[in-house]
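Trainee: I have a model open and would like to learn how to read it. Please take me through some features in turn.

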Amino acid sequence: MSEVDLPIEEPELLDELDPILEIDPEEDDVPEVPDTLNILPLRDSVIYPMLIAPLSVGREASVKLIDDSAAGSTRIIGVIAQKDPSTDEPNFDDIYDYGCAVIIRTLMKAPDAIRLIVQGIARFRIVERLGEEPYLRAKVEVLPEEPILPEDEEEMEALQRSVSALFNQAVNLAPNLPDELRALTTSVKEPNVMADLVAAHMPFSVEHKEDVLETTDLRARMKLLLQMLGREVRVLELTSKVQNEVSAELSKSQRDYYLREQLKAIQKELGEDDGTGENLEELQEKISEAEMPEEALKAVTRELDRLRRISPGSPEYTVARTYVETMSALPWSVSSEDNLELKHARTVLDEDHYGLDKIKDRIIEFLAVRKVKGEGPVRQPILCFYGPPGTGKTSLGKSIARAMDRKFMRISLGGMRDEAEIRGHRRTYIGSMPGQIIQGLKRTEKNNPVFVLDEIDKLGADFRGDPASALLEVLDPEQNGTFRDHYIDAPFDLSKVFFITTANRLDTIPPALRDRMEVIELGGYTEHEKLEIAKRHLVPKQVEEHGLKPSKITFNDTALSFLIRHYTREAGVRNLNREIASVTRKATLQFAEGRTRKLTVSRKFVQESLGAPRWLHDVVSEREIVPGISVGLAWTPVGGEVLFIESVKMPGKRGLIVTGQLGDVMSESITAAMSWIRSNSKQLKIDPSSFEENEIHVHVPAGAVPKDGPSAGIAMMTALVSLLTDKAMKERTAMTGEMTLTGQVLAIGGVKEKVLAAYRAGVTTILLPEDNRKDYFEDVPEDIQSELTVHFVKHAKQVLKLVF
């Protein structure tokens with residue numbers, strides 16, 4: 001054993017060391033132990049009288065002690081074990097009071113430490129502390145061995161034989177004790193020497209070895225050693241028995257479980273449970289704390305009783321246990337406390353998103369109902385945020401959760417085709433698990449989170465089922481109070497969950513599912529709204545992400561407006577965010593190259609960073625308006641678009657030709673418009689023979705993009721009338737509206753997106769159906785209204801009068 005963690009060198013290495021002091025190991029004369037000793041603290045080691053042991057000394061104080069002892073006339077020092085081996089500079093409080101006086105037999109110096117071979121002489125006890133610098137010194141009392149009285153000889157013989165037998169048994173059982181140690185008890189006759197040597201060689205703890213050293217009464221020492229040996233032998237026997245039992249049970253497929261089986265066998269031999277019962281009791285406590293409804297409690301209790309009867313090695317054990325753990329982990333009765341402070345909710349919503357007043361008002365109204373009603377259930381709204389990409393639908397869900405102090409959970413439904421993703425798998429399948437709804441609640445650990453079902457318009461369906469149909473129950477407030485997942489096979493109350501769905505378009509959502517949701521439209525943003533969003537959210541976010549500080553860089557409003565108008569054309573702000581990131585990277589590069597002055601991003605810097613503007617002029621002004629061309633407005637899932645409709649006539653008998661990837665509805669709109677024009681050709685001053693002698697070709701550019709819908713009806717009619725009368729329509733005028741065969745103009749959808757698209761494209765005059773008057777004034781921002789001239793029409797004749 002060594003004082004510090006330095007290995008004892010091999011003999012051939014020791015031969016290379018320069019001997020400083022070498023004493024004949026056969027020398028029999030042992031000097032008398034002086035009253036005052038230099039004390040050498042030992043780590044993880046106890047030395048007994050008559051024991052020869054190697055030591056390695058490396059601490060500065062200890063090296064000084066050895067040097068002084070070697071230079072002096074005495075070779076005797078005191079060694080005492082440390083109470084805490086991690087103490088680097090021990091004092092008297094860090095060592096025991098009892099130790100062993102040793103004589104230095106051999107001393108050699110190595111580059112990293114001093115190597116010693118010492119032999120124990122006698123026990124001693126510290127009676128007075130003399131000093132701690134430069135090393136420990138103490139006045140000691142030598143504790144001599146008491147002689148054995150004649151009447152105690154038989155008892156000592158019995159104790160000696162018992163110790164010898166147990167020690168030999170321990171040597172046989174312990175793999176780390178060499179067989180040569182069995183000769184120790186037979187070659188040593190003195191009971192006190194045998195007891196000390198046995199204690200030295202057994203793997204006892206330092207505390208136990210110290211107990212043996214401090215026990216001066218030989219009978220008591222032998223009994224203590226007998227007790228410690230007995231315990232060690234029992235542990236070794238159990239270890240051997242466990243290994244034999246486990247080895248007998250192991251097969252090729254069970255070898256991976258060797259350590260676990262060994263632990264179970266140890267616990268069984270100690271009279272303890274193997275842990276399975278204790279774990280099942282913990283599950284029972286969790287089930288009791290979960291406050292499940294009666295049906296769920298009955299199901300999980302039945303499965304727990306079955307679990308107690310199944311062997312842990314059975315494959316069914318894991319399946320049943322997983323089910324019980326899942327049931328006990330679900331938040332059956334754990335809810336978040338809603339923050340009903342309306343001012344706080346409004347502040348949070350305004351901090352995270354600019355505009356979107358309709359949605360914010362809906363959330364505030366819900367909280368107001370909760371606040372006024374107080375106790376009792378409140379039906380949770382099931383909202384569908386519908387609008388173009390990049391308008392903040394998903395992030396709005398997070399903001400709502402923060403405003404209400406609820407947990408937030410989101411799952412993406414895009415591309416989901418398996419009904420089991422919603423309802424879960426039945427437990428008859430291998431690897432079955434609950435559906436995404438139940439798993440989400442398990443992760444949030446609350447039964448009333450804000451739960452966002454993202455991209456609900458992109459659900460699929462195949463032979464595995466239709467997830468949209470499975471959502472009918474989830475999103476129905478009348479039914480979701482008893483939602484039954486196939487895996488848990490018990491009703492779970494989803495009525496406290498605040499469900500929010502998001503979609504880019506509504507036509508792909510089944511009507512039954514759409515009917516269950518409160519649809520709130522998020523239209524595209526105006527240029528002013530984009531400017532505010534960029535200033536409040538996008539610019540600070542990009543500045544922070546690029547490692548800059550607001551004091552280093554600022555964007556002026558002119559630069560942001562220039563960027564919005566000439567580099568992005570979108571309903572949302574995703575591309576705007578990317579372009580701001582590109583500009584910020586260019587600024588970061590300048591700072592990385594050594595710029596120290598503050599940078600103000602201007603129009604010039606934007607153009608230098610992003611290159612030439614993508615759109616120099618208004619879309620409408622870029623096109624020459626000639627007879628046969630009209631400007632329509634279309635709605636797409638990513639916002640509104642301006643639609644140019646072109647028509648030409650040429651001699652021929654093929655009639656009406658339609659191109660531009662138009663769908664059936666749009667093609668029929670052109671046919672209906674042509675029929676109305678022919679039936680009213682006299683009033684329109686069109687020669688009827690021109691229909692017979694010419695063939696008319698109608699084309700809608702962007703031919704690679706499929707187009708459909710009835711809302712371009714009046715634009716188709718205007719293009720044809722313009723062609724046949726050879727009159728060009730007014731510039732910067734656009735229109736949208738469905739037209740009937742009798743010339744009536746019907747309402748259309750997506751008014752806000754279409755008007756914003758027209759405004760971005762440079763249109764100044766818009767024709768809308770009369771029935772869409774309320775949509776225009778409700779949805780379109782007032783600052784946009786003030787810059788547009790809008791006419792509301794009921795009939796095609798009104799359209800022609802306004803555009804020519």
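**Reading a strand, a sheet and a cavity**

Mentor: Start with strand β10: V450, V452 and D454 point one way from the strand, F451 and L453 point the other way, and all are buried. Buried means under 20% relative accessible area, exposed means over 50%, and partly exposed lies in between (1.4 Å probe, protein chains only). Strands (E, at least two residues) and helices (H or I, at least four) are DSSP runs, numbered from the N terminus. This is a predicted model, in which local features need pLDDT of at least 70 and side-chain atom pairs count only at pLDDT 80 or more, while totals for chains, interfaces and linings use all residues. Residues are numbered from 1 along each chain as its sequence is written, and side-chain values use heavy atoms, with hydrogens and water left out.

Trainee: How many residues of β10 are buried, and what follows from that?

Mentor: Five of the five are buried, so β10 is largely enclosed by the rest of the structure. Take D454 in this strand, which covers residues 450-454: its relative accessible area is 4%, so D454 counts as buried.

Trainee: Which strands pair with β10?

Mentor: Two strands pair if DSSP finds at least two bridges between them. β9 pairs with β10 in the parallel sense over five bridges, and M409 stands opposite F451 in β10. β13 also pairs with β10 in the parallel sense, over four bridges; there V452 has I500 as its bridge partner.

Trainee: What is the order of strands in the open sheet?

Mentor: The order is β9-β10-β13-β8-β14, five strands with parallel pairing. β9 (408-412) and β14 (518-521) are the edge strands, each with a single partner, so one side of each has no neighbour in the sheet. On average, neighbouring strands of this sheet are turned by 20 degrees against each other, direction ignored. For such angles, axes are lines fitted to C-alpha atoms, for helices over the stretch in contact, and angles run from 0 to 180 degrees between N-to-C directions. Within the sheet, β8 (residues 383-386) and β13 (residues 498-503) run parallel and are joined by four bridges. L383 stands opposite I500 in β13.

Trainee: Do β18 and β19 pair with β20 in the parallel or the antiparallel sense?

Mentor: β18 (residues 639-651) and β20 (residues 694-699) pair in the antiparallel sense over six bridges, with E646 opposite H699. β19 (residues 656-659) pairs with β20 in the parallel sense over four bridges, with L656 opposite I696.

Trainee: How do I read a helix?

Mentor: An α-helix has 3.6 residues a turn, so residues three or four places apart point the same way. The expected span is 1.5 Å times one less than the number of residues. Helix α3 (residues 153-173) has 21 residues and reaches 30 Å from its first C-alpha to its last, close to the 30 Å expected. Its buried residues include M156, L159, Q160 and V163. Helix α24 (residues 664-679) has 16 residues and should span 22 Å; its end C-alpha atoms are 23 Å apart, which agrees. Among the buried residues of α24 are M666, S669, I670 and A673.

Trainee: What about empty space inside?

Mentor: Rolling a probe the size of a water molecule over the atoms shows where empty space is left. On a 1 Å grid over the protein atoms alone, a cavity is a set of points where a 1.4 Å probe fits but cannot get out, and lining residues have an atom within 4 Å of a point. Grid points are joined across faces, edges and corners, and a volume is the space filled by probe spheres set on the points. This structure holds one cavity of 30 Å³ or more, and about 40 Å³ of space lies in the largest cavity.

Trainee: Which elements supply at least two residues of its lining?

Mentor: β4 (76-81) and α6 (206-214) do, and β4 gives the largest share, three residues. Among the lining residues are V79, I80, A81, E210 and L213.

Conventions
On a 1 Å grid over the protein atoms alone, a cavity is a set of points where a 1.4 Å probe fits but cannot get out, and a pocket is an open set with protein on both sides within 12 Å along at least five of seven lines; lining residues have an atom within 4 Å of a point.
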